[in-house]
Protein chains: 2
Amino acid sequence: MGSLHFEHEFGNKPLDSEEFRRQGHLIIDFIADYKNVEKYPVRSQVEPGYLRKRLPESAPYNPEPIETILQDVEQHIVPGITHWQSPNYFAYFPSSGITAAFLGEMLSTGFNVVGFNWVSSPAATELENIVTDWLGEMLNLPKSFLFSGNGGGVLQGTTCEAILCTLTAARDQTLRKIGRENIGMLVVYGSDQTHSALQKAAHIAGINPKNFRAIKTSKSSAFCLSAEALQATIKSDIEDGLIPLFLCATIGTTGIAAVDPLQPLCEVTRRYGIWVHIDAAYAGSACICPEFRHFLDGIENADSFSFNAHKWFFTNLDCCCLWVKNPSALNQSLSTNPEYLRNKASDSRKVVDYKDWQITLSRRFRALKLWLVLRSHGVGNLRNFLRSHMKIAKHFEDLVRSDKRFEVVAPRNFSMFCFKVSPSSALFKHENDDEKDEKSNEMTKTLLEKINTSGKVCMSHAIVGEMYVIRFAVGASLTEEKHVVGAWKVVQQNLDSILSH
Amino acid sequence: MGSLHFEHEFGNKPLDSEEFRRQGHLIIDFIADYKNVEKYPVRSQVEPGYLRKRLPESAPYNPEPIETILQDVEQHIVPGITHWQSPNYFAYFPSSGITAAFLGEMLSTGFNVVGFNWVSSPAATELENIVTDWLGEMLNLPKSFLFSGNGGGVLQGTTCEAILCTLTAARDQTLRKIGRENIGMLVVYGSDQTHSALQKAAHIAGINPKNFRAIKTSKSSAFCLSAEALQATIKSDIEDGLIPLFLCATIGTTGIAAVDPLQPLCEVTRRYGIWVHIDAAYAGSACICPEFRHFLDGIENADSFSFNAHKWFFTNLDCCCLWVKNPSALNQSLSTNPEYLRNKASDSRKVVDYKDWQITLSRRFRALKLWLVLRSHGVGNLRNFLRSHMKIAKHFEDLVRSDKRFEVVAPRNFSMFCFKVSPSSALFKHENDDEKDEKSNEMTKTLLEKINTSGKVCMSHAIVGEMYVIRFAVGASLTEEKHVVGAWKVVQQNLDSILSH
């Protein structure tokens, strides 16, 4: 590979096979060593602008050896990384990479095909058809969501894309009936716990911002969207002459992992012909365990469902799995048919052209990494892996509950839950009720900042029902019980330290 | 890494360091061997549905060893791949991967951070700030597009996203002035050669499909968008009470690599306050060579500019570089500020939060691979590498021109050009003019299908100005002069074979 001609002309061979092998092995060892990630502070300790001070102002004119670059990665990049792979990382939602997914991403990068339609690389399309059917079956999705039942799945980058695509399809389906000039009448529904992706998608798709409904939830109903509240909101919108379009229900909300009740919600939406999308970005994976599948009860009345295999399903970023019952609704909104992509296979309509299932034309061969995850571990081990995270989370929950200074703010459904310094603890016995809430919120916020500044563990926060809470999400692939035991010590020590000042 | 506890409970350790190392080295060798890609037919020879016949119906319950999986990749996946990395691949636009980009992607996958905002991994944001400034400087972009000039760059997945983001920003900027209810009045402009990404983006963003203008181009003006035609179209729209919003001008169109004249076009758009986006998806990279930079003359009057480093700039899929003059226009349309992402650094406004520059929240650490490409080769070699592709393309062009049966249908600007069986060749001396055109188109189509079916090389097609043309794009990283000499033989032999029947 790479002839003398090239070597002579460019001084280096950009894809020489032996050099690829040598440098590839170097990087594998570098990343294998990085897995010893516990030695770094979990949350990066750098200050804004740190990197510009350390790197040259311009790109180099001459080549630099990989060894020099790797030294710079170690010295300048690693300190600026917040280590999502650390076993002591409990912030946001997990970004749980495993070896199998890494290898799949390498293969995909190595083949570097652009699988916009079937003919551009048939294996990329067909493997995606197959793994989304496999995974849909593991989740016990209704057959109508699978290719074998005339629905189908697609691997997109993120939930933001999945929601924008389904919302656009729903919008156009309705506008075809009522006329394009009525775009300003369409209403989109979620709860105040729904991910900001919904509001952003509605905005991009040209829905009037005034017609976005974030229906209030409350602690008493565990921050779930109530069907009654949805019904009342829809009724009021219809009275105002508006047109209900789209509901995004969530299985495992971002704030607190609440589960919206699909069955009652879909009973409401059916009356109005509203498109229901189920966003199970984080918690969807748990539903491959039979004992958690009930969270999806009612899905048969939804139109689309997505979860992020890159969150809590071990498939490195990015990989959002989206299933729809009616691919043609998606295709009618998203298909393009430029002449230069026309080909016999597409014209025969015997193949899937994924460009018509997503925003972008070019797309990576994401199915490979998901296929490697499924095959390298098998359904049985994947279930057990998820269960182990829930067990570890429960252990941490038990520790929190054993300390009366804290409270767990809502039932734990999965591997994530929220806790805070308890307003009803003895710490605030001299305050009135308003002060108790305010001071416990403040102390929780201070505590979280101290925890993260320590670099020993990393957690994040939310505000739900006016409570400032610490979110604790288990799911990093390296996390074991000992790590949450350690994390608990960090929490207690930091609270002690706050109280001793 | 990975305790006995885990091993016992799950039967396998999903991120064990030594197993990672072993399997990682295996895959490196697999991919290094794949670089011997010339042995495969370039365009996959499989039939629709081939893979479902070969793979099990469901995911396995038990784990399978990586060796078995790799065997399946070789036996079942590779035959379904159209080999974009082959030196004999000349279809569509190049997907030019090189070792440095592959290594960068590996590092990014290994760190597996989710860099939605600065604090979630400062290095991911800051390196992206730096490399987009570096690259902007290499392209000699006006300073107003760089962070150092209060503009800035972002790495998105594809041009489709870049256009949707800038179009949404432009839409909202205008709607803030004229009122949201006027969304149906906004008009988007391109030429009949503009990429379908523009029409799709306009559709998603809620622009009335009636208000999308694909202005006609012609052979006589080399399929460039003419400023006069744009002016006339705008004038007519304004007379109809519509509001001109957005122009997408292209440097290197998909069909024929035509270059829209930025200076005269921007003189028109300035009069009407139209947002101008420059789509240089394929050809932008060439402008790092001083002798090609003139194609960007006039860019100072545009609002945004994008090119795909994953096309002809060696940075594996996906990596679209977008620069904007006014990041706050983008941010006003695309920012979300959910409580759980709030943090001191963002509140200080001293940092960039890239979630507000794109459609999606989650994002990969793409800057690493671009940084590795720039450093591993340096500006000098990258320029020479691009020049070599143009030289190789010119060699092929000379071969085509030497055979009177063919014609080159428009001037070659970069490493891609189109040719066809010439209607004025002696082959059609007995036909009238209409027949000449029709028959030469048919013969060109037949020829292309035979070429691709041979598996020896892969090319694609376009229809421009009613001509069916073969697109020939040089840019695969392994392509050398000998490969286009071989490709030319395949073309000639197949035409000979058609003529002998």
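Colleague: Why are E8(B) and strand E9 (residues 416-421) of chain B called paired?

Modeller: Two strands pair if DSSP finds at least two bridges between them; E8(B) and E9(B) have three, in the antiparallel sense, so the term applies. Strands here are DSSP runs of E of at least two residues, and helices runs of H or I of at least four, numbered from the N terminus. This is a predicted model, in which local features need pLDDT of at least 70 and side-chain atom pairs count only at pLDDT 80 or more, while totals for chains, interfaces and linings use all residues. Residues are numbered from 1 along each chain as its sequence is written, chains are lettered from A and ligands numbered from 1 in the order in which they are written, and side-chain values use heavy atoms, without hydrogens and water.

Colleague: What makes Asp318(B) and Arg366(B) a salt bridge?

Modeller: The rule asks for a side-chain nitrogen of Lys or Arg within 4 Å of a carboxyl oxygen of Asp or Glu. The closest N and O atoms of Asp318(B) and Arg366(B) are 3.2 Å apart, and the pair therefore qualifies.

Colleague: Why is Asp318(B) called buried?

Modeller: Buried means under 20% relative accessible area, exposed over 50%, and partly exposed in between (1.4 Å probe, protein chains only). Asp318(B) has 7% and is therefore buried; Arg366(B), at 7%, also counts as buried.

Colleague: Lys219(A) and Glu407(A) also meet in a salt bridge. Which class does each residue fall into, buried or partly exposed?

Modeller: Lys219(A), at 46%, is partly exposed, whereas Glu407(A), at 18%, is buried. Their N to O distance is 3.7 Å.
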